[in-house]
Amino acid sequence: MIEARHLRVLRAVATTGSFSAAARDLGCTQPAVSQQMKALEAAAGTPLLVRAGREMRLTQAGEALVRHAAGILAGLAAAEEEVAALAGLRAGRVRLVSFPSGSSTLVPTAVAAMRADHPGTRVSLVEAEPPRSVEMLRAGDCEIALAFRYGAAPEWADLVARPLLTDRLVGLVPQEHPFADADEVDIGTLAEEPWIAGCPRCRRHLVEVCEAAGFTPRIDFATDDYPAVVGLVGAGLGVAVLPELAVESVRPRGTRAVRVSPAVQREVVALTLPDLAQVPAVAAMLERLETAARR
């Protein structure tokens, strides 16, 4: 195998014309230069240098190798500099995928902190709900996926999951609703209400919670758009249960948020692949997401 250090020595010999002069330029001994040239010729499988009087001259194969060596060594130097920049967070990128309420609450603070601390690192964002966001992570379409789960999620066993916060779900009722001023409402008392449901995962969990309370919710409207949920509730068309992050991310006009019992909550996590967790830019972004979640 041809090694970069051997190419550097060959180029020095070609430039200076002798092993001793090359050794002086490289700051090593003449025997070391001779040994490296023997190793390079063995790897190449052909002589690269011939002695002509007191000088060393390149064979045709040696000339070809020196000609390519310039580009190879220049490319290697550029690669080393780029890797050093990435390791030092002077460059690089982090692609985030997040569910909408995470995008509007946690992500802005975390990205702003990342940009302030490491302006050379580019951070991008697209939105997707789990499980689609998790599929994107596994497919290599992002480095970090913000996701949530109700209870355990064994399908994430192969991923690094950084817990960010526990997001309690709250009831949302029209401001003229009989329970609008209540401190807490048992979800069973809403059994006869028309319901407005959110994303498919949240919708499925809503049905499970209501069935555990002894009723099946009558879902009149279903939408992935949280402002639409708020608008429908505000218009008196039904009640809903939303994560606190979602309520925080919109202006709940015409509605009241009330605690529901039994308590319902979801865990918000940042997911990445085990190897990606060691990448400096990804590790730094995970830290800032954790900091944003604590505020």
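This is a predicted model: local features need pLDDT of at least 70, side-chain atom pairs count only at pLDDT 80 or more; totals for chains, interfaces and linings use all residues.
The crossing of H1 past H2 is right-handed. On the H1 side, Val-9, Ala-12, Val-13 and Thr-16 make the contact. On the H2 side, the residues are Phe-19, Ala-21, Ala-22, Asp-25 and Leu-26. Sorted by type, this contact has 7 nonpolar residues, 1 polar and 1 charged.

H1 also packs against helix H4, which spans residues 60-87. Here the angle is about 125°, and the axes are 9 Å apart. H1 is therefore oblique to H4 as well. This crossing is left-handed. H1 contributes Ala-4, Leu-7, Arg-8, Leu-10, Arg-11 and Ala-14. H4 contributes Gly-62, Leu-65, Val-66, Ala-69, Ala-70, Ile-72, Leu-73, Leu-76 and Glu-80. The contact of H1 with H4 divides into 11 nonpolar residues, 1 polar and 3 charged.

One further residue of H1 deserves a look. His-6 sits in this helix. Its relative accessibility is 4%, so His-6 counts as buried; the cut-off for buried is under 20%. Beyond its neighbours within four places in sequence, His-6 touches Gln-36, Met-37, Ala-39 and Leu-40.

E5 pairs with strand E3, residues 93-98, through 2 bridges. These two strands run parallel. Within this pairing, Leu-96 stands opposite Ile-144. E5 is also joined to E12, by 5 bridges, and this pair runs antiparallel. There, Leu-146 stands opposite Ala-270.

Strand E10, residues 240-243, is likewise covered on both faces. Ala-240 and Leu-242 are buried on one side, and Val-241 and Pro-243 are buried on the other. Strand E6, residues 160-174, is joined to E10 by 4 bridges. E6 and E10 run antiparallel. Leu-172 has Ala-240 of E10 as its bridge partner.

Most peptide bonds are trans. Two bonds in the model are described here as cis. One joins Pro-130 and Pro-131, with omega about 10°. Pro-131 is placed in the loop between strand E4 (122-127) and helix H6 (132-138). The peptide bond from Ser-261 to Pro-262 is also cis, and its omega is near 0°. Pro-262 lies in the loop that links strand E11 (255-261) and strand E12 (265-272).

Arg-295 follows helix H10 (280-294), in the segment after it. Its relative accessibility is 72%, so Arg-295 counts as exposed. Arg-295 and Arg-93 are 202 residues apart in sequence. In space, their C-alpha atoms are 25 Å apart.

Technical notes
Residues are numbered from 1 along each chain as its sequence is written. Side-chain values use heavy atoms; hydrogens and water are left out. A crossing is left-handed if the near helix is turned anticlockwise from the far one by less than a right angle, and right-handed if clockwise. Contact means heavy atoms within 4.5 Å. Ala, Val, Leu, Ile, Met, Phe, Trp, Tyr, Cys and Pro count as nonpolar, Asp, Glu, Lys and Arg as charged, and the others, Gly among them, as polar. Buried means under 20% relative accessible area, exposed over 50%, partly exposed in between (1.4 Å probe, protein chains only). Two strands pair if DSSP finds at least two bridges between them. Axes are lines fitted to C-alpha atoms, for helices over the stretch in contact, and angles run from 0 to 180 degrees between N-to-C directions. Angles under 35 degrees count as roughly parallel, over 145 as roughly antiparallel, 65 to 115 as roughly perpendicular and the rest as oblique.
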